[in-house]
Number of protein chains: 2
Amino acid sequence: MNAEKIPDIIIGRLPVYLRALQHMADNGAKTTSSQELGDHVGISAAQIRKDISQFGEFGKQGTGYSIQFLIDKLREILKVNRIWDVVIVGAGDMGHALANYQGFIDRGFQVVAIFDNDKEKVGRKVGNFAIEDTDGMIERVKSAGVKIAMLTVPAPAAQEVAEKLVQSGVKAILNYAPITLNVPHNVKVQYIDPSTHLQRMTYYL
Amino acid sequence: MNAEKIPDIIIGRLPVYLRALQHMADNGAKTTSSQELGDHVGISAAQIRKDISQFGEFGKQGTGYSIQFLIDKLREILKVNRIWDVVIVGAGDMGHALANYQGFIDRGFQVVAIFDNDKEKVGRKVGNFAIEDTDGMIERVKSAGVKIAMLTVPAPAAQEVAEKLVQSGVKAILNYAPITLNVPHNVKVQYIDPSTHLQRMTYYL
């Protein structure tokens, strides 16, 4: 297995497979087929077999995939067979929603801090966290060794905050600000922008 | 132009191009090149030229693209040269964040109602909206002719609510619940699940 050679588009589908497999396991299922998994996630069985075969031989002809084995393998490949610390920057509505979101821990993540530059907000509680001042963010994130951040600041502030996060040693940013970030090549960015997702559907209406 | 033949993966990139072009126009730019646009969105210039050429001849050799012309064309293709009404189901943290989000109207969308099944919440204000009871949702959405919904209910409730939305005539669902929905083929679903996006990045860490 050569990690560098697996196309990004395949990597992008693996978390979706993992989520569906975990859902099956939660419902008590032990084995599945590429057909069944494909029906769950809306991807062809052939594509699923091809994607999974990139990582080795997981299924047996005729008996399908062991769900738990595949879950374990996918968690290992995606490096979520551990818990990653994550910080949130921006304590607005979206920051609050993410700080209170219960769905991270089962997927390999835990929020450890939330920052805002509004002095009025600093010290206020969001869930289990007291909002911290972005003034101390670089040192704080660096010393905690946090590699992942979720960015929920307004668009005009996003690039500057992203640069500070990069300085802090962050290597992965989940960006909720509706703007494309300019970061070094060794920093990954994923975008969550509801309007972009909505526009992708209006085409078909 | 034959809409049926354009691959979904290209359609998925068009809203990203549109967002970048609008950003350039907001900053006063008049023309751009596939190279510059590519740098903005992290996609190769060749891919951008190929994607855009699917819809006709928009650029002139040597002079690049007129930003406003391309914006107008993309808005027309994506059908966001109008404002679409959208409903939110689920008045938790995420529902609140979306109801208060200011970034929809410029991109072709406006929230017109928010529903929840918690009788305690019904009638409370979220931004400009009073939360409505999901009991009346099917009739309300049907009579308003709303085609787009954002789903922010807990995962165990999501499938049932999605079915009600389909009954109401909704054709596009932006699903924030971390579960794959089973809907008819003529209904589009897009997923926003922060854990999936995060897992896509941990692979590279």
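**Figure 1. Secondary structure and fold of chain A.** Helices, in the sense used here, are DSSP runs of H or I with at least four residues, and strands are DSSP runs of E with at least two, both numbered from the N terminus. By that rule, chain A of this predicted model holds eight helices and ten strands. The C-alpha trace of chain A spans about 60 × 40 × 35 Å along its principal axes, and 48% of the 205 residues of the chain count as buried.

**Figure 2. The relation between chain A and chain B.**

**Figure 3. The interface of chain A and chain B.** The contact draws 58 residues from chain A and 58 residues from chain B, and between them the two chains bury about 5,800 Å², with 64% of this area on carbon and sulfur atoms. In the predicted model, 23 residue pairs, both at pLDDT 80 or more, are in polar contact across the interface. On the side of chain A that touches chain B, at least two residues each are supplied by several elements, including helix H1 (8-26), helix H2 (34-41), helix H5 (93-100) and helix H8 (194-202), as well as strand S8 (148-151), strand S9 (172-175) and strand S10 (188-191). The residues of this side of chain A divide into 35 nonpolar, 13 polar and ten charged.

**Figure 4. Salt bridges between the two chains.** Six salt bridges are counted between chain A and chain B. A:Arg200 forms a salt bridge with B:Asp8, and the closest N and O atoms of this pair are 2.9 Å apart.

Figure 5. B:Arg13 has its place in helix H1 (residues 8-26) of chain B. Because its relative accessibility is 19%, B:Arg13 counts as buried, the cut-off for that class being under 20%. Leaving aside residues up to four places away in sequence, B:Arg13 touches B:Ile43, B:Gln47 and B:Asp51.

How values were computed:
Residues numbered from 1 in each chain as written. Chains lettered and ligands numbered in written order. Predicted model: local features only at pLDDT ≥ 70, side-chain atom pairs only at ≥ 80, totals over all residues. Heavy atoms only, no water. Contact = heavy atoms within 4.5 Å. Buried area = accessible area lost by both parts, 1.4 Å probe. Salt bridge = Lys/Arg side-chain N within 4 Å of Asp/Glu carboxyl O. Polar contact = N/O pair within 3.5 Å; in protein donor to acceptor, adjacent residues only side chain to side chain. Nonpolar A, V, L, I, M, F, W, Y, C, P; charged D, E, K, R; others polar. Buried < 20%, exposed > 50% of the residue type's maximum accessible area, 1.4 Å probe, protein only.
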